[in-house]
Each structure stands twice: as structure tokens, then as C-alpha cells.
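Take the pairs one at a time, and ask where each partner sits.

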Amino acid sequence: YLSTSDVGSVPRRYRGRDIAGWMLELGVAHRPVESLDDPSMKYATQPLMTGAGGGHTVTLHSLARRGVTLLGRLRDADGSTLRFDDDLADHAAKSLTTIAEFCSNIDRFIDGTGIEAPAAERDEGAEVATGIDEMCRLTELDLHERRIGTVLWATGFRGSFAYFDVGLTIDDHGVPAHRGGASDVEGLWFCGFPWLRIQSSGLIYGSGIDATAVVDQIAAANAVRPWPAESRVRELR
């Protein structure tokens, strides 16, 4: 049993290439945060993708075909009874529409550039699964009745910055205020946040690009206001 949320998916492979390769080819990985029409989109949930088993497309539909019973968003609990929102149909639809949109962008790129690419291959993960309509009617679940003895909470997490006792500004999403990694506290920089500078900032690939940019900022700041030699030694110790 899986309680779902509003999250899309992307194909693992499409038209002969891994999706990560297409993201680089299309420039999606380097898309700057300033290009977002809605700044709040940098906090949006990232689409489902996996490299397990050599990599394959993961959607709510592919999980349903493997025997997972899908549920809407968990709303509340009363004793052993769990209640869910009536939003599974929307979640299941988005799981596939985001794939269709991404593949359409790739098709347009191929047509516009004239590059050679094979035709789209069959992707079972991006196909509609039967039985989801019946699952949509399941909005209440009795754990005892279903013999469910284990509940795994996978609701995400936020960073804790309480140990920075320097007047750091934290936004409503729990992220320190910054501009391209430079915080609003002089001498304090960050790296690794999703959309720190570009769309792939939260990925291993993008974090390396951001790290270089942040180091350049630090070097430039120190060139203007160099640390005293004794302070540098104290910091290293």
C-alpha cells in the first residue's frame, strides 16, 4: 500500500539515450533559477527517477502493475483506521503527463536540430495500468483488517540551521536566504540546495558546477577583504 502525492515522473531512457543525457543536450540541467516564471517552483517536488536494476521508468502506473495498492494523500488517522484524500486519480494522471511533456520537448528538439535519433521505443513504465480506477475508490483503510503491521513514513526532511547563531534568515521552506550560494551573512556561503543556481544544483552533477561558482565568489571576496594571516591559521586549526 502506497499513499501517493502530487509528483511526476520522467522516462529513464527515450529515443536511444538516457534521460540524463537529454537533460544536458536540451540545456535543462543548466537552466538558471532566474528563468523560472514562478520562483516558488524551485521548491516543487522532483520527478520520480531511478537507476536501480540498470535504470527503468518509475511511475505510479508501473508500481500498480507490480502489485502495489495505490492510495491518495493520507489525511488523518483514528485508531487503526487511516483516511485518504480523493486525489489518487490526479496523482496517477500527473505521473504520465509529465513524461509525455518531457518526451514532447525532446521530439521538438530532435526535429528542430535535425540530429539523428531512433524512433521512440516502448516504455512499459509510461503506459496506463488497469485497476487504478478501483483503487481510487479506496479512501479508508483499516490496518488490522488488512493485516498491515508496518508503516514507513517517507515524508521528506528539512535541514536544521539552528547551530548557525549568526542571524541567518530562513525562509518558509526551511532554506537559508541566499543569492547564488552567498547568504545574507557576510562570509557564509552554501552549496547543495536544489535550485541553488541551476536546475541540477541538487544533483551530484550540478553540485560540482555550483561548488566552482561558490569558490570563485569566496576567492573574489577574499581578494577584496583578505583574511589576516593569524585568522586563517586559527580557522584551519
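What follows is a walk through salt bridges in a predicted model.

Start with the total. The structure contains twelve salt bridges.

Lys94 pairs with Asp6, and their closest N and O atoms lie 3.3 Å apart. This pair links distant parts of the chain. Lys94 belongs to helix H3 (residues 88-113). Asp6 sits in the loop between strand E1 (2-3) and strand E2 (13-14). The partners are 88 residues apart. Lys94 is partly exposed, at 29% relative accessible area. Asp6 is partly exposed too, at 47%.

Next comes Arg75, which forms a salt bridge with Asp85 at 3.5 Å, N to O. Arg75 lies in strand E5 (residues 74-78), and Asp85 in the loop between strand E6 (81-84) and H3, so the bridge ties together parts ten residues apart in sequence. Arg75 has a relative accessible area of 46%, which makes it partly exposed. Asp85 is partly exposed as well, at 23%. Both residues also belong to a network of salt bridges, together with Asp76, Asp78, Arg83 and Glu140.

The last pair is Asp210 with Arg197, with 3.1 Å between the closest N and O atoms. Asp210 lies in helix H5 (residues 204-224) and Arg197 in the loop between strand E9 (182-183) and H5, so parts 13 residues apart in sequence are tied together. Is Asp210 buried or exposed? Asp210 counts as buried because its relative accessibility is 0%, and buried means under 20%. Arg197, at 27%, counts as partly exposed.

Note on methods
Residues numbered from 1 in each chain as written. Predicted model: local features only at pLDDT ≥ 70, side-chain atom pairs only at ≥ 80, totals over all residues. Heavy atoms only, no water. Salt bridge = Lys/Arg side-chain N within 4 Å of Asp/Glu carboxyl O. Helix = DSSP H or I, 4+ residues; strand = E, 2+ residues; numbered from the N terminus. Buried < 20%, exposed > 50% of the residue type's maximum accessible area, 1.4 Å probe, protein only.
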